[in-house]
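The structure itself is shown first.

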Amino acid sequence: MHTPATAGEMNLSSADDDLDLNVFDPYTQAALLRGGFLSSKNILKYTEAEFRKKVKLTVVATHRVFIAAANISASNVKCHQEPNNHILTTGCKQIDKLLGGGLFKYGITEISGESGCGKTQFCLQIALTVQLPLSLKGAKSGAAYICTEDRFPSSRIQQMISNIRFKYQCDSKIDMNELCQTDYGDNILISHIATVEDLKKCIHEMLPRVLLHRPIKLIVIDSITAVFRGEYTPSEVPRRSRDLRDIAVFLHKLSVEHGLWIICVNQVTSSISDIGGNKLVPSLGLAWANLVTTRLMMSKTHSSRYIEVMFSPHTAPTTIPFRVTEQGIV
């Protein structure tokens with residue numbers, strides 16, 4: 001008589017969409033088996049909060065399940081739909097090298113730093129590089145740019161657009177014509193958001209409709225911090241965490257379903273370091289940090305600016321200098 005394997009002995013990753021239960025602890029394995037949640041597609045139909053209540057897992061265990069499910073879905077999209085176009089150039093060779101080739105599609109890339117260090121400059125440049133020809137590691141697609149603090153810097157983006165033909169060089173005459181003739185300004189959809197509820201409505205309702213009708217491959221939120229800064233009292237910290245998770249999980253789903261790059265700008269806050277003194281760290285705490293795929297931080301001194309990889313699945317933590325010029329970040 002055949003003896004069935006235990007959950008710890010099973011390897012249920014034979015199908016493309018199935019989770020490998022071996023990566024989870026025995027309690028999580030049993031909960032997933034009991035609920036029949038063995039495929040990423042079945043899991044990602046829910047928010048993390050909904051799934052946690054349904055399967056009765058801890059917040060940490062639920063988050064691990066969602067990361068595993070999102071990685072499987074992203075991998076399937078990469079393999080079956082766009083095998084040769086999942087890295088986007090930042091427009092700066094040194095930063096591309098720092099990131100392991102450029103910005104990787106799927107997941108959330110956070111860029112944090114103090115005011116004036118270059119975060120918005122970075123986002124504006126990516127909103128242009130996503131429109132570049134494939135030969136230049138672009139995506140020939142548009143961007144959705146969500147502003148929550150200041151008005152969109154139209155004059156600065158126009159200055160960068162006017163310098164595109166000098167910043168990028170194409171070997172092909174066809175690609176060069178495309179580079180020069182693209183209407184970069186019209187390919188950036190801009191929305192100004194002031195509250196958390198407006199941001200949730202934009203992400204849950206407006207963006208899915210736009211993505212069905214426009215060739216958008218980049219979403220920028222500049223910044224995620226602003227709408228969360230003053231809306232919650234100390235007693236509402238749990239609700240704030242739930243709202244952050246809700247937004248992040250839905251951004252992950254959009255990223256996987258539509259093959260998107262997503263950039264969220266974060267601010268910094270002061271924290272006491274282990275060696276004494278104050279240290280600047282990204283805002284929004286662990287509730288947000290656990291939902292970010294790649295975390296970058298910008299900083300500046302009197303004479304220089306730096307960008308640091310704090311964590312990323314694609315490269316080791318490293319720091320390099322960069323400059324902001326009329327053409328953009330170099």
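1. A residue is termed buried when its relative accessible area is under 20%, exposed when over 50% and partly exposed in between, using a 1.4 Å probe and protein chains only. Strands (E, at least two residues) and helices (H or I, at least four) are DSSP runs, numbered from the N terminus.

2. The model is predicted: local features need pLDDT of at least 70, side-chain atom pairs count only at pLDDT 80 or more, and totals for chains, interfaces and linings use all residues. Residues are numbered from 1 along each chain as its sequence is written, and side-chain values use heavy atoms, with hydrogens and water left out.

3. The protein contains 13 helices and 14 strands. Of its 330 residues, 49% count as buried. With contact defined as heavy atoms within 4.5 Å, 65% of the contacts between residues at least 6 apart in sequence join residues at least 24 apart.

4. Strand 7 (residues 261-266) is largely enclosed by the rest of the structure, because six of its six residues are buried. In a regular strand the side chains alternate between the two faces of the sheet. Here both faces are covered: W261, I263 and V265 are buried on one side, as are I262, C264 and N266 on the other.
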